[in-house]
Amino acid sequence: MAKKHRITLTEEELVSALQRHDKIGAEALYDMYSAALYGVIVRIVNDTSTAEDVLQETFVKIWHSAASYSAEKGRLFTWIVNIARNLAIDKIRSKDFRNQFKNQELENNVGYIDQNNSTVYKPELLGVKDLINTLRPEQKSVLDLIYFKGYTHTEAADELGMPLGTIKTRLRMAIQQLRKHFN
Amino acid sequence: MEETREYIESGILELYVLGDLSTEEKLQVQAMVQKHPLVKAELQEIEKAAYLYADLHQTEPSPVLRDRVLNSLLTNFADDRNLKTVTNRREEATVRKMNASSAAKPTVSVFYKYGFAASLLLLCASIAATAILYSRLRQSQQQLITLAQSNQKFANQVSFMQDEISVFRDPSFKLIQLKGTAKAPNSALTVAWSATRKKVMVDLKSVKLPETSKDQQYQLWAIVDQKPVDLGVFDGALTDTADMQLMKSVSTAQAFAVTIEPRGGSSNPTMEQMVVMASL
């Protein structure tokens, strides 16, 4: 594929373009965040065509409710990734989705994402392996359950058989590690 | 200070960033962030880390998805803002092909919207114009019919008048003055008769006859071989087309006479109602 010219705006410009329903806002939003959002969505729904639908629904929802976003709520990505996560969770909990995968063998989904999605490694991401190593397994499992599996921290506590407090602490520690790593 | 520190340590900011709080808790966090710069700085650090973590795991969606998503945002967004996303997606599927090469997708739909409005307006205007033109056409046709009728009337009148004039030019015509009888001594009437042409005409301008009632008419008779022959009836009043009236034809006559008869005429003259006569 010919590499398209990607549009990048500052966060302020992007937010105001979205709220004006300016075409450039839609393009910049897609170019800047689709891959990160898709990475989250595809890990939650575990199916590319469903993930594509959810990604589209996410953008539609962002586009139509951009007016309700304000910088007081935090940075834009925090807001949109939570929209994406909620739509993805709604999708895997919907009856249609569960029926669709009722008859599939579990094994079919092993390595599914890696086979079907080209993960792009940017130069600044060369340290992914290091990062994985800096996160202790118990920290990473908590973070990933919530971030990439759509669990609430209460559900993660049940899943891992840990008290809520421990989950919160481990989550905080994991993010502390990430911060250290990215700095 | 201690309070904000504890707040930060509680891990609530992480849950906020991960969207794992109730609406009420979210509002509390936002209030704390606005109040305490330290909390704000901490939140921003967490957000940044969370973003970078997602970015690290970024997965490129299929390249064709970009157009699909952007079209669903930009096509008809003015109209479909309140529709469910499912509807949007279905519409997008049918609309995409048409818009694939178009650079200005939203203006296309706006163009059609205004185009539709404009054509409706145009339709109304042309219906109104047609109605007006139709009524004018009807008026014109009416006038044309009236004109044709009056034209016909004048043509008839002219040809009749030419007939009348020919009466005077034609030497075979004789003008016969009918004189009043004892019953109506002041009466008079002029009749033109051509024996060769077998034509008899009454000069209505010369009529000086006793008044008739509405159910009566004058009847002209020719006396042929001592017997009265009916030549038709006439009214004393002038008709608007001519001042001479053509009567039934007769080739020979010894006398002409007029009687007053019931409207429509009689087969035999009522002799006591004879008002004028002339013998030849």
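The model is a predicted one. In this model, 51 residues of chain A are in contact with 42 residues of chain B. In chain B, strand S4, residues 216–224, is paired in the antiparallel sense both with strand S7 and with strand S5.

- On the side of chain A that touches chain B, at least two residues each come from helix H2 (23–45), helix H3 (48–65), helix H4 (76–93), helix H7 (128–134), helix H8 (137–148) and helix H10 (164–182) of chain A.
- H2(A) gives the largest share of that side of chain A, with 11 residues.

**Strand pairing in chain B**

- Strand S4 (residues 216–224) and strand S7 (residues 255–262) of chain B run antiparallel and are joined by 8 bridges, and within this pairing B:Ala222 stands opposite B:Phe256 of S7(B).
- S4(B) also pairs with strand S5 (residues 227–234) of chain B, again in the antiparallel sense, over 6 bridges, and here B:Val229 in S5(B) is the bridge partner of B:Ala222.
- The hairpin of S4(B) and S5(B) has 2 residues between the strands, and in this hairpin B:Asp225 takes a positive phi near 50°.

**A span taken from the UniProt record**

- The unreviewed UniProt entry lists residues 111–134 of chain B as "transmembrane region".
- In the model, the span of residues 111–134 of chain B is 100% helix and 0% strand, and its end C-alpha atoms lie 34 Å apart.

**Positive phi in loops**

- Most residues other than glycine have a negative phi, and the residues below are given with that background in mind.
- A:Asn46, which is not a glycine, has a positive phi of about 60°, and this residue is found in the loop between H2 and H3 of chain A.
- A:Asn46 counts as partly exposed because it has 16 C-beta neighbours inside 10 Å, a count that falls between the limits of 12 or fewer for exposed and 20 or more for buried.
- B:Lys198, also a residue other than glycine, has a positive phi near 60°, and its place is in the loop between strand S2 (188–194) and strand S3 (199–208) of chain B.
- B:Lys198 is classed as exposed because 12 other C-beta atoms lie within 10 Å.

Notes. Residues numbered from 1 in each chain as written. Chains lettered and ligands numbered in written order. Predicted model: local features only at pLDDT ≥ 70, side-chain atom pairs only at ≥ 80, totals over all residues. Contact = placed C-beta atoms within 7 Å. Helix = DSSP H or I, 4+ residues; strand = E, 2+ residues; numbered from the N terminus. Pairing = 2+ DSSP bridges. UniProt positions renumbered as here; feature names shortened; annotations may be inferred.
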